[in-house]
Amino acid sequence: MKMTKIYEGAHQWVMFGRDENKPDNIIDSNQYIVRTANKCLLLEPGGTELFAPMMAAVLHHAPVEQITDLFASHQDPDVISSLGLWDQALSNAKLHAPALWEGYIRHFGCESVEYVPIPDNGETIKIESVELQIIPAHYLHSPCGFHVYDPVAKILMCGSVGSAFEAPNSPVFVERFDVHVEKMRYYHQRMMPSNQAKRAWIDKVRNLDIDILAPQHGRMFKGDDVKRFLDWFDSLQVGTGI
Amino acid sequence: MIMNSQTKSQFIAVASITSELSAVMVVAKEISLAAANAKAIAFRAGDKAKGFQPITDFINELAKETIELVTNINVYALLLYRLTVNEYRRTAAYNRFEQAGKLATGARYADSMQEPIAHARTIMQDCQRQFKRDVTQLLGQLEAVMHHARAARVIAANSRIEASQAGEYLQSLQAVAESVDKAAHTIHDNVQRCRIALSIYRNS
């Protein structure tokens, strides 16, 4: 599992992905942690198959007992089907996930982890002194989804938005946006069902101060590529993939 | 999570109990019906089937008890199925934790995985022990059904003797005896299959 520190300040952000031992027939996904002095928030914990390498990777940054919070942007198995395993490994953790999907996500196994439902209009999660804004991203692609914005690190974990599928050893950041566009086009046309939802999200996100856009699949966007992505996404007609 | 062949067999064994027992339930209800039928014939036959009348009550009682036993066993089998699912999940978690522990070798906080691994191992072993205990108890309950089936066969043999003295009712009462015997046979065979499937998991 590749680990890349993407923010280092009073707290840290680490991106995990590109697992070399991942079975070929499951899609690659990015996981993130927000690490504070005594706590660790795991964003998009991933599928069951990724649990062991992901846990092992997190142990480079935090002990098990300090993994206190999990976040799932939506209900898909590549996002959170490992929940049943985290549930048995963590003795005192909360899962922040959409209220709409609670009854669905619990199918993955959620007995000891406390499910904290996120209302449709979002909320704020506090991990020690770090305040993270939970931004609604409904119909992008899930009918109920959320992204995580850290105003201090200036990182937006943008779930499925900005996703692309890459070869296992690809770099973690976009290097040539014009080349990367073709890796994203079909996914966004096919997976994102609503131009209206897309426009509302872009309007909201343009008001945020963002250094890094961190999607759940593929490469992250930084610097000018953030604006390039928003412009490209704005001009793309979605819901047209078939 | 890939299921190993022993776990698969365990799932199949537990699921097959419900299937076999639903057939036993149908047959037990048939015995109950045969008893009611026999009672009516014996009543019509009067003195000619005097010896048959108490047998019909006995057959009916036996059928009722079998139905009650099977109903209880079915509830128990469902609990055993849930325990099997739980054991599977616990074992899978333990294996993943061990895998994570190995992959984390050299990680700064690798040692913190030891407690979840030890805890998962304890729970998994508790589940395995509980499964064996419950299987042993279920086998005992299945033995009680077998006992009823054997008793039903003895009754069927007695019924044939009594039927032979029932004059023109001989054929009807013999048919009742035959149906009880056949039903008892079916119950015996089905329950025996359950016992064979489960016996490898019992407490030694």
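Predicted model: local features only at pLDDT ≥ 70, side-chain atom pairs only at ≥ 80, totals over all residues.
Q: How are residues and chains labelled, and which residues count?
A: Residues are numbered from 1 along each chain as its sequence is written, and chains are lettered from A, ligands numbered from 1, in the order in which they are written. Local features need pLDDT of at least 70, side-chain atom pairs count only at pLDDT 80 or more, totals for chains, interfaces and linings use all residues, and side-chain values use heavy atoms, with hydrogens and water left out.

Q: What is the size of the interface of chain B and chain A?
A: Interface size is often given as the accessible area lost when the parts come together. Buried area is that loss, found with a 1.4 Å probe and summed over both parts. Here it is about 1,700 Å², and carbon and sulfur atoms give 65% of it. In chain B, the residues that lose the most area to chain A are B:Arg89, B:Arg96 and B:Tyr109, together 33% of what that side buries.

Q: How many residues does each chain bring to the contact?
A: Contact means heavy atoms within 4.5 Å. Chain B brings 17 residues and chain A brings 21 residues.

Q: Which salt bridge does the rule find across the interface?
A: A salt bridge needs a side-chain nitrogen of Lys or Arg within 4 Å of a carboxyl oxygen of Asp or Glu. The rule finds one across this interface. B:Arg96 pairs with A:Glu49, and their closest N and O atoms are 3.8 Å apart.

Q: Which helix gives the most to the side of chain B that touches chain A?
A: Helices are DSSP runs (H or I, at least four residues), numbered from the N terminus. Helix α2 (residues 52–103) of chain B gives the most, with eight residues.

Q: Is B:Glu87 buried or exposed?
A: Buried means under 20% relative accessible area, exposed over 50%, partly exposed in between (1.4 Å probe, protein chains only). B:Glu87 lies in helix α2 of chain B. B:Glu87 is buried, yet has no salt bridge.

Q: Where do A:Arg185 and A:Glu182 lie?
A: Both lie in helix α5 (residues 177–191) of chain A, three residues apart, about one turn of the helix. A:Arg185 is partly exposed at 29%, and A:Glu182 is exposed at 52%.

Key: Buried area = accessible area lost by both parts, 1.4 Å probe. Helix = DSSP H or I, 4+ residues; strand = E, 2+ residues; numbered from the N terminus. Lys, Arg positive; Asp, Glu negative; His and termini not counted.
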